[in-house]
Amino acid sequence: MLPWKRVLRPLTALLAAAAAVATVPAATAHASSAPSTGWNDYSCRPSAAHPRPVILVHGTLGNSVDNWLSLAPYLEDRGYCVFSLDYGQLSGVPLFYGLGPIDKSAQQLSDYVDKVLTATGAAKADLVGHSQGGLMPRYYLRFLGGAAKVNALVGLAPDNHGATLSGLTNLLPYFPGASDLIKATTPGLADQIPGSAFLTKLNAGGDTVPGVRYTVIATKYDEVATPWQSQYLSGSDVTNVLLQDLCSLDLSEHVAIGLFDRIAFHEVANALDPAHATATTCASAFS
């Protein structure tokens, strides 16, 4: 075996392992076991107080259950109709999703939004995504007609301009064939590498589309979507939030911000209902 191939294999494994930080450390439930009441309850009808269903979009290597074991009930307890989907599945790879081509994943999201809107009778939905789940919907909004069906997109640590994995992807040019291997085996990962054809197309002409409210919630301790400032969006109707500006004691990194950080969750609730927003502080961890 050529020396570079001996190096390439562990590098590829390291990239995949680092990308796994976008989700829970281990799958604790199969996506099909999502609750049939409260969360993913297709008989739920949005209230006057919360007139839009909330659709949760998991991150890379996540699924519709594991990524949302805390946030889904948090929102459901506050009176929202909450739904979550699986997307980006690869043949033969159970539980760990978000690995397929992101433009194809966006079509899956489009189909799911239609399903939820039909079931709930709502005219529009709100989207909340973690990591790739905050990035991928932007393709749906820009290229698949999603802007007419979505009121707001809230991203928790979204890699809007790529995920450098704390600079690890900068090493790819030094390993011939590495980029091609990642693209061939896990195109969803390849699409998130800064400078990819997908990101170039998505971000050409601006970050946002008219008619949608955007919120980005970032943490300065992020080790995946780095530098963390790259998560921010530019454009009209955009709110960019750094968790540590709200609570300097919040040490959440890329995983925790989406999985169990109630300070971040409080800011999600504010983004979904800005007319009734309350100050997010360290005490929000106990609210």
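How much space lies in the second largest cavity?

Author: The model is predicted, so local features need pLDDT of at least 70 and side-chain atom pairs count only at pLDDT 80 or more, while totals for chains, interfaces and linings use all residues. Residues are numbered from 1 along each chain as its sequence is written, and side-chain values use heavy atoms, with hydrogens and water left out.

The second largest cavity holds about 40 Å³ of space. A cavity is a set of points, on a 1 Å grid over the protein atoms alone, where a 1.4 Å probe fits but cannot get out; lining residues have an atom within 4 Å of a point. Points are joined across faces, edges and corners, and the volume is the space filled by probe spheres set on them. The structure has 2 cavities of 30 Å³ or more.

The lining of the second largest cavity consists of Gly-134, Arg-138, Leu-153, Gly-155, Pro-158, Asn-160, Tyr-214, Thr-215, Val-216 and Leu-233. At least two of the lining residues come from each of α4 (132-143), β4 (150-156) and β5 (213-218); helices (H or I, at least four residues) and strands (E, at least two) are DSSP runs numbered from the N terminus. Strand β5 gives the largest share, 3 residues.

By class, this lining comprises 5 nonpolar, 4 polar and 1 charged residues. Here Ala, Val, Leu, Ile, Met, Phe, Trp, Tyr, Cys and Pro count as nonpolar, Asp, Glu, Lys and Arg as charged, and the others, Gly among them, as polar.

Notes:
On a 1 Å grid over the protein atoms alone, a cavity is a set of points where a 1.4 Å probe fits but cannot get out, and a pocket is an open set with protein on both sides within 12 Å along at least five of seven lines; lining residues have an atom within 4 Å of a point.
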